[in-house]
Every structure is written in C-alpha cells, then in structure tokens.
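Me: I've got a model open and I'd like to learn how to read its sheet and helix packing. Can you walk me through it?

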Amino acid sequence: MPFDQVQSEVPTVSLLGLDFADLSLGAVLGWLAARPVNAPFGYVVTPNADHLVRIQRQPGLRPLYADAMLRLLDSRVVARAAKATGLPAPAVVPGSDLTSYLVRQVIEPAEPVTILGMASEAVDALAQRWGLQRVAHYNPPMGFERDSGSMEQAIRFIEDNPARFSFLAVGSPRQCMVAHAVALRGRARGTGLCIGASLLFLSGHELRAPRPVQRAGLEWAWRLAQDPRRLARRYLVDSPAVLRLLRHEARAKRQLQ
C-alpha cells in the first residue's frame with residue numbers, strides 16, 4: 001500500500017484538543033521505517049504532561065503540535081489519569097523508547113543522521129556507541145529561538161543536511177518551533193523527531209530510569225531525583241495541572257451527552 005494511504009489510516013484518539021496516534025511502539029516504528037527518505041519533511045512530537053499544560057497556558061504553541069505529522073502521547077500518568085476520569089486515552093509511546101529503537105534497529109550505520117542540539121562529546125559518544133558513521137551535528141546557542149539569525153541557521157542546518165531521520169534535541173518548545181518552520185518552508189525531506197533528552201540516554205551521558213520504574217509511571221520521579229534543581233518546578237508545580245485539565249474535559253463531555 002502506498003505510504004500516503006497508510007498515513008491516512010492512522011487511528012487517532014482526541015485528548016485535550018490534540019489528535020494522538022493510537023498505535024503501539026512497534027506499529028509506529030514500522031510506520032516511520034516505511035516512510036520514503038525523499039518524502040516532504042514531516043515531524044513527530046511526543047507531548048507529555050508538561051507540554052500539554054504549556055499548550056493550554058500558551059495557546060500560540062498549539063499549531064506546533066497540531067501541525068505535526070504524528071503526535072504520540074509520552075506519559076503513562078496522563079493516560080491513566082484520562083482513563084480514571086472516563087476519557088479515552090491513546091496508546092503511550094515514550095519518545096525515549098521510540099528514539100532507542102530507531103537507533104538500535106531501524107537506522108543503518110552508514111546512512112546519514114542529522115542531530116540538532118546536544119554537546120559535541122555526547123554526539124561523539126552516541127556515534128561511537130551505536131556505530132553511526134555519518135552524523136551531521138549542530139548545537140545552536142542558548143536562546144537561539146529568540147534571535148532570527150540564529151533561528152534561521154538552525155532551520156538551514158536541517159535543510160542542508162538531508163537525512164531519513166533528523167533528531168531535534170534542543171528542548172521544548174524550541175525543537176517544535178524549528179520543526180514547524182522547516183515543514184512550512186517545504187525545502188527539507190525526511191522525518192524530524194522532537195525528542196528532547198532521549199539521545200543523551202543512548203550516549204551514556206544520562207541514566208534512564210529502570211524498566212520497572214518506567215512501567216509504574218514513575219519515570220518523572222526518577223528524573224526529578226537526578227536533577228531536582230532543574231526539574232522541581234516542572235514536575236511538582238506545572239505538570240500536575242494536567243489533572244485539572246483532564247477533569248474539566250471529562251466534565252464537559254458528560255454535559256454534552
């Protein structure tokens with residue numbers, strides 16, 4: 001079946017104003033692997049609780065997610081909370097799992113890979129550890145999204161280094177801003193993945209939570225323990241607001257029934 005027909009048949013579940021793909025990790029990997037390398041640039045986002053709260057507080061960010069080629073829910077906590085309130089929840093596909101399987105099982109060692117973000121030493125360790133032979137890398141300066149020249153340089157880097165997979169690892173919402181701009185210009189090809197710190201786990205520069213902790217939906221607590229100064233506000237103040245948003249949506253749907 002042609003890929004454009006496969007794309008149109010991706011099942012979705014609506015949650016907090018976004019249509020999430022309701023696909024297993026294996027199905028997503030097959031979907032991305034089947035996408036032609038010369039296909040027009042499309043990007044994948046993996047919103048978690050923090051992203052969903054930020055979208056509600058800053059509506060101008062919504063198009064960055066709504067215009068993505070594929071939206072995957074990256075939060076077991078959100079999925080379980082949605083179900084507890086009576087809302088349908090899509091399959092959870094953590095961005096770190098997706099990135100790991102792409103690097104380990106889908107990407108060929110000799111094919112080009114483009115990475116925006118991360119320190120050079122982390123990229124070097126990633127390439128050595130997983131045998132990646134053709135990595136194009138650029139780490140834009142802090143605050144690049146607020147400077148038109150620096151933002152243009154980041155966009156041009158993606159366009160000038162075509163690859164089947166481009167990893168955008170400059171944090172949210174910056175990575176989505178770059179991916180959205182690249183897609184709108186229509187010059188680039190391939191698939192962009194807005195994956196935050198996922199490549200740092202594969203490089204060995206950050207330690208991911210053990211599998212039992214992940215399955216329990218407590219990976220956020222593990223990350224908080226690793227870096228409390230940077231993550232305390234995100235996980236203890238901002239992200240819990242998603243529970244109120246879910247309750248409000250569930251109540252609104254019940255009133256319409």
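This is a predicted model: local features need pLDDT of at least 70, side-chain atom pairs count only at pLDDT 80 or more; totals for chains, interfaces and linings use all residues.

Me: How do strands of a sheet pair?

Reply: Strands pair through backbone hydrogen bonds, in either a parallel or an antiparallel sense. Here, six strands make an open sheet with parallel pairing, and the order is β4-β3-β8-β7-β5-β6.

Me: Which strands stand at the edges?

Reply: That's β4 (70-71) and β6 (134-138). Each has a single partner strand, so one side of each has no neighbour in the sheet.

Me: Which residue in β8 is the bridge partner of Tyr 43?

Reply: Look for Gly 192. Strands β3 (residues 42-45) and β8 (residues 191-194) pair in the parallel sense, over three bridges.

Me: Which strands does α6 lie across?

Reply: Helix α6 lies across β3, β7 (165-168) and β8, and runs at about 145° to β7. Helix α9 (residues 174-185) lies across β3, β5 (112-116), β7 and β8, at about 160° to β3.

Me: And at what angle do α2 and α6 pack?

Reply: Helix α2 (residues 25-34) packs against α6 (residues 95-106) at about 55°, and their axes are 11 Å apart. That angle makes α2 oblique to α6, and the crossing is right-handed.

Me: Which residues of α2 and α6 meet?

Reply: From α2 you have Leu 25, Val 28, Leu 29, Leu 32 and Ala 33; they meet Asp 97, Leu 98, Tyr 101, Leu 102 and Val 106 of α6. By class, that contact has nine nonpolar residues, one charged and no polar.

Note on methods: Residues are numbered from 1 along each chain as its sequence is written. Side-chain values use heavy atoms; hydrogens and water are left out. Axes are lines fitted to C-alpha atoms, for helices over the stretch in contact, and angles run from 0 to 180 degrees between N-to-C directions. Helices (H or I, at least four residues) and strands (E, at least two) are DSSP runs, numbered from the N terminus. Angles under 35 degrees count as roughly parallel, over 145 as roughly antiparallel, 65 to 115 as roughly perpendicular and the rest as oblique. A crossing is left-handed if the near helix is turned anticlockwise from the far one by less than a right angle, and right-handed if clockwise. Contact means heavy atoms within 4.5 Å. Ala, Val, Leu, Ile, Met, Phe, Trp, Tyr, Cys and Pro count as nonpolar, Asp, Glu, Lys and Arg as charged, and the others, Gly among them, as polar. Two strands pair if DSSP finds at least two bridges between them.
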